[in-house]
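Got a structure open and wondering where its labels come from? Let's go through a few of them together.

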Amino acid sequence: MTQVKESLLGTAEVQTVTWPHRVAIIGAGYMGRGIAEVLALANVSCSLADLTPERAGSAARTLFTEAERHERDGLIAPGSALALRDRVRAARSVEHATSGADYVIEAVYEDSELKASLLAEIDSISHTDVVISTNTSAISIQSLSRRLADPTRFLGVHWFNPPQFVPGVEVVPCTQTTREVTQKVKTLLLQVGKMPVEVMDSPGFVANRLQYALFQEAAAVVEEGTATAEAVDLIVRTTFGFRLPIFGPFAIADIAGLDVYRNAYKILQENFPDRFKVPRALEELVEQGRYGAKTGSGFVINSTAQAQAMAARRDRAYVALRRALGGADGLPETSNRDARAGTGNDTSGTTPHTDNIGEPVDSQ
Ligand SMILES: NC(=O)c1ccc[n+]([C@@H]2O[C@H](COP(=O)([O-])OP(=O)(O)OC[C@H]3O[C@@H](n4cnc5c(N)ncnc54)[C@H](O)[C@@H]3O)[C@@H](O)[C@H]2O)c1
């Protein structure tokens with residue numbers, strides 16, 4: 001059965017899931033319930049286990065109520081919430097949940113010892129074919145793997161909150177995880193409409209390191225009185241954060257101009273030497289005359305044609321994104337200028353034709 005799910009990044013096809021048939025989710029809190037909803041919507045049977053049977057039962061009921069709201073809000077297909085009642089079961093114990101499961105997902109509190117001992121238990125009671133993953137946000141996968149007799153079938157699979165709607169999932173094998181296991185999990189994620197990204201094991205993986213680095217600087221800006229927390233949030237959402245669904249930091253730097261970035265870094269380094277330093281990779285590219293889009297070579301840009309295509313895509317995407325946001329959450333309504341772009345009705349001569357962008361502009 002093929003279902004269609006709407007996501008903020010567009011329409012994601014949910015394909016037939018080839019593996020697993022039955023999943024056990026241990027820890028039916030916020031993340032466990034959300035992951036169960038995603039998998040059950042894709043026709044996978046899910047058993048939820050928690051500290052007590054009552055807590056597992058209550059989590060299943062919460063999941064059904066949340067799914068009904070999602071259905072009312074048009075976020076999932078009509079009839080899905082009812083279908084979930086057949087596919088999600090509350091289990092009496094970890095042992096009952098894992099019995100017959102071919103994939104076990106651990107999503108208990110973020111506590112190293114709790115996770116390690118639970119994973120050891122899951123490992124000891126699960127058939128050798130069963131894949132085991134942890135949804136830890138930051139604990140080293142390698143260190144957790146030491147408590148499993150068979151770490152070849154173990155890996156980190158880090159979903160983001162709310163798992164029903166955030167597309168990206170970090171996939172973090174440990175050194176012993178087999179390629180087959182990693183590939184199986186990545187295929188599953190693609191089949192349920194997610195975007196798996198494999199990264200090496202490192203504390204906080206990638207997303208949380210970046211997210212927490214941003215928060216660190218945001219807190220410093222507020223502590224020193226440069227802006228209020230509200231102003232910081234508004235600036236992030238309406239400036240560089242607005243770009244992030246479309247481009248990551250390397251593409252953004254390439255588009256801005258790496259020479260521009262390097263010079264701005266130098267100012268920051270002079271003024272905040274304990275917090276900023278021109279990154280070596282940035283310095284090297286600038287020294288080689290590779291400035292990103294403007295020279296057709298940078299971190300991720302390899303040609304002028306690619307840079308031009310990227311600029312055109314950027315402008316179309318930003319206008320579409322701005323329209324999708326509308327006046328959401330205190331943003332001013334889309335301006336007339338934005339509204340005319342792409343309608344073919346622009347007679348002012350001031351609106352750029354989004355498919356015919358010349359040189360990339362400095363978007364810093
Ligand atoms: N909340 C987030 O934004 C987020 C995002 C990504 C990853 N994570 C990670 O996901 C994991 C779960 O986070 P959460 O936000 O869902 O937490 P939560 O507190 O909502 O849920 C944790 C659940 O685990 C249960 N639990 C605790 N010990 C257990 C045990 N021994 N056996 C069975 N169940 C047990 C608790 O009763 C609770 O229901 C954590 O590792 C967290 O770091 C959380």
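Q: What angle do helix α11 and helix α12 pack at, and how far apart are their axes?
A: Helix α11 (residues 249–256) and helix α12 (residues 258–271) pack at about 100°, with axes 6 Å apart. The axes are lines fitted to C-alpha atoms, for helices over the stretch in contact, and angles run from 0 to 180 degrees between N-to-C directions. Helices here are DSSP runs (H or I, at least four residues), and strands are runs of E of at least two, numbered from the N terminus. By the way, this is a predicted model: local features need pLDDT of at least 70, side-chain atom pairs count only at pLDDT 80 or more, and totals for chains, interfaces and linings use all residues. Residues are numbered from 1 along each chain as its sequence is written.

Q: Why is α11 called roughly perpendicular to α12?
A: Angles from 65 to 115 degrees count as roughly perpendicular, under 35 as roughly parallel, over 145 as roughly antiparallel and the rest as oblique. The angle here is about 100°, so α11 is roughly perpendicular to α12.

Q: Which residues of α11 and α12 meet?
A: Ala253, Asp254 and Ala256 in α11 meet Leu258, Val260 and Tyr261 in α12. Contact means C-beta atoms, placed from the backbone, within 7 Å.

Q: What makes Ser112 partly exposed?
A: A residue is buried with 20 or more other C-beta atoms within 10 Å of its own, exposed with 12 or fewer, and partly exposed in between; those atoms are placed from the backbone. Ser112 has 14 C-beta neighbours inside 10 Å, so Ser112 counts as partly exposed. You'll find Ser112 in helix α5.

Q: What is the largest nonpolar core made of?
A: A nonpolar core is a set of buried Ala, Val, Leu, Ile, Met, Phe, Trp, Tyr and Cys residues joined through C-beta atoms within 7 Å. The largest has 59 residues, and Ile25, Ile26, Leu39 and Leu48 have the most contacts inside it. Helix α1 gives the most to this core, with seven residues. Another core, of 14 residues, lies apart from it and includes Leu258 and Tyr261.

How values were computed
Contact = placed C-beta atoms within 7 Å.
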